[in-house]
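Work through the exercises below with the structure in view. Try each task before reading its solution.

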Amino acid sequence: MGYVAVKGGTNAIKASIEQLQYNRIKGGQLLEVQTILHAMKALVDQVMSESSLYAPELAALAIKQAEGSMEEAVFILRAHRSTLPRLHYTETVETSQMRVSRRISASFKDIPGGQILGATTDYTHRLLDPELQTETHEDILEKITKYQQTQPESENARTYPKVVDYLREQGLFPTYQHDNSAPFDITKQSLTFPAPRSARLQTLTRGQTGAVTSLGYASLRGYGQVHPTVGEVRVGQVPLTIAHPHYADDPYYIGEVEVTEVESFVPTTSGDTLDFEIGYGLCYGQNETKAIAMSILDQCLDHPEAPFPTHDEEFVLLHIDSVEASGFISHLKLPHYVTFQSKLDRAREVRKEQEQS
Amino acid sequence: MNTEHHFAFFDEGSKKEIRRALLKAVAIPGFQVPFSSREMPIARGWGTGGLQITLSLIGKTDSLKVIDQGSDESVNAVSIKRLVQQTTGVEVTDATAEATLIQSRHRIPEVPLTADQLLVLQVPTPEPLRDVEASEAKTRVLHSEEDYSGAWLQLFEQVMKYGRTATGADHPVFVHNRYVMAPSPIPRFDNAKLHQSEALILFGAGREKKIYAVPPYTDVRSLAFEDYPFTTESFDGKCCKLCGADDVFLDEIYDEVTGVTDYQCNDTSYCIEQLNAQTSQKGEVEHA
């Protein structure tokens, strides 16, 4: 029997959900939300980024509920986001105020303030570590103590100048007027084309990590005309403030979020001089691949005249959203009896007509 | 973090925003109003546009009916009903005449709707010109300039190729002599029910972030040529094997064992009502 039975859908759904819930626990293992929060930071960061909701504990909860599926976890968190009223917009975040935990430049060896490698998997050897299979709680505590004893007093609270500001001072980069117009809020307004840059950046930053990466990659290897050099990748905590209702110069501090910020340098030729333009990427948490890919696409979309889909604003912005893409693809599982019946009727009629003539 | 859900899921600000888009849609029949489509706890493409309209309009005294492919018991209809019920506590009903709010995928009920009812249709692809123009920016210009040559050309090409128009469901309509509109994938059979409807009909496309409407007593004509008139799916000589109805949209049901093809009402609640009426007339219960 098809799954549009005249009666019975209710019971079928109930049984299906029960089975799903059982599958999550049938191994008899308890997964604490706190364990996910602390041991799976990369996943938590990606889910927050794609959900455009900075809520580490809720993201960890969504991951537990989704049995680790990114797609499902983002879906759950985005839906939760819809229940939250939008109370305030923060003041413009100044990333020069970031408390930096990692900061590298692929363009210059000597950057003012120096490079901070921080924590990265970039230089690990990706070999399976069998020791992790038998790691105990005691092992962890011992390693924590050992690490803390060998570390000098933390310099974590430092801020660093931006690499691009240094280049501006030297006259190598143009200085632009700050655009202080209120940003286009893509969660409150439907995207229009051509999209304002603020809408474009918002869409890119909450795009599916894999999709943003794929399209950035496509541009890099020939299906686009942007191949940048990474000027600066920085990861750290940025402070957030909201405006005081009466005193404009005395905003309220409301906390901080961790972000990855990328400024890519893209050589362009205008007339007979070689210039540089910036591709910009910023996302929640530490997700450098996504932020870099975003900076490539930002630059691509600034040059829509190129004959490649990665430079086509509608193509890029309308297809990178995790919730929208996975939702519409999966709707194909829903019954299509009526539309198919309708098409079938036409196919038969046309065939009949052709046979008669 | 055990908190109760807000009534009808959304915060009040979101509901107000959606209702504002709805008012504009009603004021400009057939025009696609962009709205700030929210992410929902059901998947994009599974009826989130309809659901957002339903949740922004539903009140505590409403009676809700949800249909998917003509059936109240189809899995997605059940799922949507459960969500609305969980967050509002409203009554649900299968009986079309008793419902004040009806959300539907792919069908307009067989029982004629009244002025006291709202019909919300879920729309996967709201842009009737999408097949002829991939760009959203360009289709908006075509609508504003009332340039529908692409839509006509498409039908003309079908006539040239197949000797007739070959659209399936979602045959485009002309609303209030101004906008060409996708009626959502209702079968051609249901297009006529849009014309001069007593009930307000609202269309929600969640993924595409559009809301549009056919207000009551509005002219809605299916696109066709004088010499190649619009035709609906044909069920000539066929009737429902359960209730005998021959003037409704039928499902084709093939029996693998006997090799026989039967027909049944696609609108299951209509079929059950017909059967109940027949049984009470006879004053006895027949077992099928």
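A salt bridge is a side-chain nitrogen of Lys or Arg within 4 Å of a carboxyl oxygen of Asp or Glu. The model is predicted, so local features need pLDDT of at least 70 and side-chain atom pairs pLDDT 80 or more, while totals for chains, interfaces and linings use all residues. Residues are numbered from 1 along each chain as written, chains are lettered from A and ligands numbered from 1 in written order, and side-chain values use heavy atoms, without hydrogens and water.

**Exercise 1. Count the salt bridges between chain B and chain A, and describe one.**

Step 1. Apply the rule across the interface: it finds 9 salt bridges.
Step 2. Take one pair. A:Glu353 and B:Arg164 join through their side chains, at 3.1 Å from N to O.
Step 3. Helices (H or I, at least four residues) and strands (E, at least two) are DSSP runs numbered from the N terminus.

**Exercise 2. How are helix 1 of chain A and helix 3 of chain B oriented to each other?**

Step 1. The axes of helix 1 (residues 9-25) of chain A and helix 3 of chain B come within 9 Å and cross at roughly 75 degrees.
Step 2. Angles of 65 to 115 degrees count as roughly perpendicular, under 35 as roughly parallel, over 145 as roughly antiparallel and the rest as oblique. The two helices are therefore roughly perpendicular.
Step 3. Name the residues in contact. Helix 1 of chain A uses A:Gly9, A:Thr10, A:Ile13 and A:Ile17; helix 3 of chain B uses B:Val75, B:Val78, B:Ser79 and B:Arg82.

**Exercise 3. Which parts of chain A does the pair A:Arg200 and A:Glu313 tie together?**

Step 1. A:Arg200 and A:Glu313 form a salt bridge, with their closest N and O atoms 4.0 Å apart.
Step 2. A:Arg200 lies in helix 8 (residues 197-205) and A:Glu313 in helix 11 (residues 313-317), so the pair ties together parts 113 residues apart in sequence.

**Exercise 4. Where is the cis peptide bond that involves A:Pro194?**

Step 1. The bond joins A:Phe193 and A:Pro194, with omega about 0 degrees.
Step 2. A:Pro194 sits in the loop between helix 7 (163-169) and helix 8 of chain A.

Note on methods:
Axes are lines fitted to C-alpha atoms, for helices over the stretch in contact, and angles run from 0 to 180 degrees between N-to-C directions. Contact means heavy atoms within 4.5 Å.
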